[in-house]
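Reader: I am new to this structure and would like a close, careful look at a single part of it, with the pieces tied together in one connected answer.

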Amino acid sequence: MATGADHAAHVARARAWWDALGPGPKYAVGPMVDHSELPFRLLCRRHGATLAYTPMLHAAQFATSRKVRARAFDGWPAAPSAAPGGADRPLLVQFAGCDAATILAAARHVEGCVDGVDLNFGCPQRIAHRGAYGAFLLERDWEWLVGLVREVACGLRVPLSVKLRLVMDERGEPSTARTVELCTRLERAGVALIALHGRTRLQINRLQRAADWAAIAAVKRALAIPLLANGGIYTRADVVACLRATGADGVMAAEGLLEDPALFGTAEVARELLAAEYLQLAREHPPNSLRPVRAHLFELLHADVGAHPRLCARLRAARSFEQLEEGAAELIAARAARRRGLAGVRDGIEGSWYHRHRALQASDGTELEEGCAAEAGPGAGLEAETETVGERESERDACGAPHREEASECGVQVD
C-alpha cells in the first residue's frame, strides 16, 4: 500500500501534468465511438475545446492487430496535428478492457503519441457488459478493480485517467458515498485524472435524469487529483454553471458537442457554418469510413432534417464523400433559406438532437427528463440498451472477476 509520502508525490505529479496541458479549466471533448475522430476533434478545438479523447478502442483488438491499429487510431505522429503542441494536442487515448497486461500491450503502441491513457469504466450499453468493460466493471469486486488500475498505472509511461459513472447502491440507486469511496481508492491506486459522469449506468435514454452535479462536487472535495465533470452539458451557460456547482478542474461534453461543436466557445456559431467547416476538415483528414461524417451531418443539422425528408434521404443514400458533400450543401442551403424565413428564431430544445429523448413537462408541469448522453457513441445504434439482472451471462465475466451482489430490483427494461 502506498504511504502518505508516496501519495503526496503522486498527487504532485498529477497536478504538474495537468497544469502542463494548459492554463485554467479544461474543456474536454469526450470519447465517442465513431464520433470523436480527428476532424471532429479539430473542429471542437477551433471553437473552444482545450482537451480531447480518442474514440474508445478495444484493448485486445488494438494490441494484437496491426490492421485495427492503423484504422482505429488517428493520432499517429505522421499527422502534423498529432505532434506535441500540434492542433490535436493535448490528446488522451481511451481503451476498453479488463486485463492489465492486454491494456498495457495496447498502450505500448501509442504512448509516444498521446498525453495520457484513459480507461473506460463509463460505457452503460449492453455491449459493454458482454465485452466486460465500461460501467459494468464498477459492479465487480473492487479489490480486483483497484488492482487492475494500479497495475496499469504502474506500467504506463504516461499518466492514467479513468472515466466512470456514479456508483449504485444495493437497490440500484445512485450512491454519492460509494462513488466518493471508489474515486479516492482509484486516486491512491495511481490515477492522475478522473472524469465523472453524474449519472449511473441505468440512467440512459428515456430513463435519464438531470446529471447529479452535487455528487460530482462531493467527489471533487474528496480528491486531490484533477476532476472533469461530465453530464448535462448542452450550452456554454451549462459549462459555466457546472464549473460553479462542482468546483471541478474542467468540464467534459460529448453529445452536446455533436449538435453544437462550438458550445465551449464564447460566440454562437450557426450550425450550417459548423457543418461546412467540419466537411472541410473531413476532406483534409479523411476518416476511415463515411459513417462518422454522415452521422455528424445529421446531428449538426438535426433541427432541419425533419423539414427536408428528400434531402435527408439523399444523405442516407450517399456512397461517396462527394455525394455526402453535395447532399449536405443542399441541406445547408435549405436550412439557411428556412432560417431567413424564421428571422430571429434560434434552434430550440423541441428541434434538438441532444434532447431527442427529453419529455419536457408532465401533465402537472414538472420537468421529467434531461438530455441523453451515451458514452459509447450515438449514431446508427441509438436503441436503448440496459441490462436486467436476469440477463447476466454468468457469475464470473470474461476477466474472471466476480460480480458484486446485485438486487433483483436493479434491472430495468426500456422500450
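How much space lies in the second largest pocket, and which residues line it?

Author: This is a predicted model, and in it about 570 Å³ of space lies in the second largest pocket. The lining of this pocket is made up of 25 residues, and those closest to its centre are Arg150, Glu187, Arg188, Ala189 and Gly190. Turning to the elements that build the lining, α1 (4-20), α7 (142-155) and α8 (176-188) each supply at least two residues, and of these contributions the largest share, six residues, comes from α1.

For context, the largest pocket can be described in the same terms. About 710 Å³ of space lies in the largest pocket, and among the 28 residues that line it, Asp34, Arg71, Ala72, Phe73 and Asn288 are the closest to its centre. At least two lining residues of the largest pocket come from each of α2 (38-46), β3 (57-58), α3 (59-64) and α4 (66-72), with α4 giving the most, namely five residues.

Technical notes:
Residues numbered from 1 in each chain as written. Predicted model: local features only at pLDDT ≥ 70, side-chain atom pairs only at ≥ 80, totals over all residues. Heavy atoms only, no water. 1 Å grid on protein atoms, 1.4 Å probe; cavity = no way out; pocket = protein on both sides within 12 Å on 5 of 7 lines; lining within 4 Å. Points joined across faces, edges and corners; volume = space filled by probe spheres on them. Helix = DSSP H or I, 4+ residues; strand = E, 2+ residues; numbered from the N terminus.
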